[in-house]
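The sequence and the structure come first.

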Amino acid sequence: MSLARLAALHGVAVSHEHTPGRALPVPEDTLVAVLAALGVDASGPTAVAEALAAYEKAERDRLLPAAVVPPAGTRLDLDPLPDGTETALTGEDGDALDPRAPLPLGVHTLTATAPDGRTGRATVIAAPTRVPQPRRRGAGLALPLPALLSGRSWGMGDLGDLAELAAWSARTHGMDFVQLAPLHAAVPGAAGRPADPSPYRPSSRRFADPVHLRIEDIPEYRYLAPADRAQADELAGRAAALREKVRAKGGLIDRDEVWRLKRAALELLRRVELTPGRRVAYHHFLAEQGQPLDDYAAWCALAEIHGPDWRSWPGGLADPRSTATTRARHDLLDRIDFHCRLAWLTDNQLWRAQRIARDAGMAVGVVHDLAAGVHPSGADAWAEQSVLAAGCTAGDPPDARDPRGTDRGVPPWRPDKLAAAGYGPYRSVLRAALRRAGALRIGHVSGLFRQWWVPAGRAPAEGTYVAYDAAAMLGVLALEAHRAGTPVIGEDPGGDPADGGVRDALAVRGVLGTSVLWTQRTQREAAPETVAGVPCPRPPEVWRADALAAVTGPDLPPTAARISGAHLALRHELGLLDAPLPAARVADAVEVGTWLDLLERLRLLPGGRADEASVITGLYRLLARSPARLVAVWLPDAAGDRRPQHVPGAGAEYPGWKLPVADPDGRTLLFEELADAPRTHRLLAEVVRELGGGDDADPDAPDGEQSGGEQSGERESGGEESGGEDSRAETRAASGRTSGEAPRA
């Protein structure tokens, strides 16, 4: 009981519900391991007793909570403090504030000294009550950017392709956004070992990966010296051969080879002197990004020498603040500058893509995705190891969808260390993610409330939940989103008894949810009508309005595979199917059939059940009939692609995150082919028609909540365009193109 009480006091759950109504106790060794990751020794009865005593004493002595989250414009409640307590409030800019006056927006620091000598310090997060909202209902495209191969990209989709896709889809079909998988910097491969292809285990969430750069769009490219130009042309020729290799049936994206080619080109471009305007812009970027950029670039430079896992670096280099690391930073200044410049160039092209999207008429623009964590060997884990939980990784408990649970392999934040740091590391990640975003999607958004921690060496089922200060986490999110003028979309949790509370809290803050079509079913206990025991689909008009609606996504089967049952054969082949294949096919056919029945009742299936393209179009028209604020079309569905980008639980036997968009036969389709395909045009035209155009701002969004205007994606900060008016005119012209020549930055 003492161990359970100690765990509960530190926010560690002692039981969880594998299925609703059935609580399972957490093993004691799990509690001990998780408490150790929180810095609490619970290794035996004596240690537990001492830890309880220390906690109780700290609570008795506590004068202020770690964080308070009052709405901006209100006053602090100081009444609970003892009479005679002296208080001081320091604003985030360092200026003194009146603790009893209405609070300005920001993260401030409250200090207090009681007459008995006790002192306290609290982080005051004065945030708006809600995040900005999309300006209107609208549809958009969703995809992982590398999958969008074009006739100009070097073997995988790049930021030039993103700008083209945004301009084409907005001007041709009135699309309002392009939603991407994370573009975060990846951990590079080493010693013949390829880089981790998953965008959800990045090296850093603060900086985008330069592998996404369009080399020819970098201004210095046109000024290469003749010898360097010859080398660049040779690299471009090798990139063209790589592109053709990917175009072959069954061809896969080779991210490592793409990076080898681009890195060689970027080394050449670095020899071109920056113009005065661009040099000033670069220096502004360095000053603006500060320590996080220096840490990221230092990790990149050290990884070139010692490998990409800082945990095995020699001579004190595993500590980013050690004397040895300080010396190494000085010795590697040239390489650090190189990686800083790559971060700047990538930021410029991100900014340009968002500006082109908005100039083309998109109400939102580029929807960036924030991964739920970082790779344990990467740059962020090295620089911020003091606020991450050593010895644990974040995952998901067993549920009906995955009875084994999952371990995502990313170290979670320590809630106590985040609070002690005034939530600075979390704010930094959010600012970076919002910087060039028209909207931001947050994966595993329930992690702002609690996360499933898995101790090292244990199965995912042997983990437990650790609670976070949800009010503080949501307050910081609301503040940073407000400052960026950016809507936020949360990846809703599912299958968790606490889901309702999470969704309600997010809705109060204005965070949009996610409604995936296949999950929109009546609850069994509230559904008298079922088909073979399967709850019936919910009619679209009763779906949530404050949500992004989708049929599928990167972790789900493409719609063609789902309605044909091809996804079951794949899972069977990979050993991931829990039931015999024939039985699974029968059950799946019944479930899909209920959706086809609904399409027929709503007259959304004019081509009949046998027409695959007609069924896919009907499902997307169904989404558009819901009140959802945003409707996402999975771009591979427009091509009839049957291959999922990622199969959860599959290992190296499946080429996850390496698949270009392809037709039903697996033939890679270039963006130019997709843009000209009648099937693509028919699907997008039907979705927009069903939406009714969506040209007007949403009249239901409260004043001051609509995004738009000078939001983060439209403000330049040290961008490439600072080189002069010619570049700005060039990009304006590019935003008017619908296909063909790729614009230059």
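How much space lies in the second largest pocket?

## Basis of the model

The model is a predicted one, in which local features need pLDDT of at least 70 and side-chain atom pairs count only at pLDDT 80 or more, while totals for chains, interfaces and linings use all residues. Residues are numbered from 1 along each chain as its sequence is written, and side-chain values use heavy atoms, with hydrogens and water left out.

## The second largest pocket

The second largest pocket holds about 1000 Å³ of space. On a 1 Å grid over the protein atoms alone, a pocket is an open set of points with protein on both sides within 12 Å along at least five of seven lines, a cavity is a set where a 1.4 Å probe fits but cannot get out, and lining residues have an atom within 4 Å of a point. Grid points are joined across faces, edges and corners, and a volume is the space filled by probe spheres set on the points.

Of the 36 residues lining this pocket, Arg62, Ala66, Pro415, Asp416 and Ala419 are the closest to its centre. The elements that give two or more residues to the lining are α3 (45-61), β6 (106-113), β7 (119-126) and α11 (415-420), and the largest share, 6 residues, comes from α3; helices (H or I, at least four residues) and strands (E, at least two) are DSSP runs numbered from the N terminus. By class, the lining has 21 nonpolar, 8 polar and 7 charged residues, where Ala, Val, Leu, Ile, Met, Phe, Trp, Tyr, Cys and Pro count as nonpolar, Asp, Glu, Lys and Arg as charged, and the others, Gly among them, as polar.

## Packing of helix α4

The axes of α4 and α9 come within 8 Å and cross at roughly 5 degrees, where axes are lines fitted to C-alpha atoms, for helices over the stretch in contact, and angles run from 0 to 180 degrees between N-to-C directions. These two helices are therefore roughly parallel to each other, since angles under 35 degrees count as roughly parallel, over 145 as roughly antiparallel, 65 to 115 as roughly perpendicular and the rest as oblique. Among the residues that make the contact are Leu159 and Arg171 of α4 and Leu350 and Asp359 of α9; by class, the contact has 9 nonpolar, 2 polar and 3 charged residues.

Helix α4 (residues 159-173) also packs with helix α21 (residues 678-691), at an angle of about 60 degrees and with the axes 11 Å apart, so α4 and α21 are oblique to each other. In this pair, Trp168, Thr172 and His173 in α4 meet Thr680, His681, Leu684, Ala685 and Val688 in α21, contact meaning heavy atoms within 4.5 Å. By class, this contact has 4 nonpolar, 4 polar and no charged residues.
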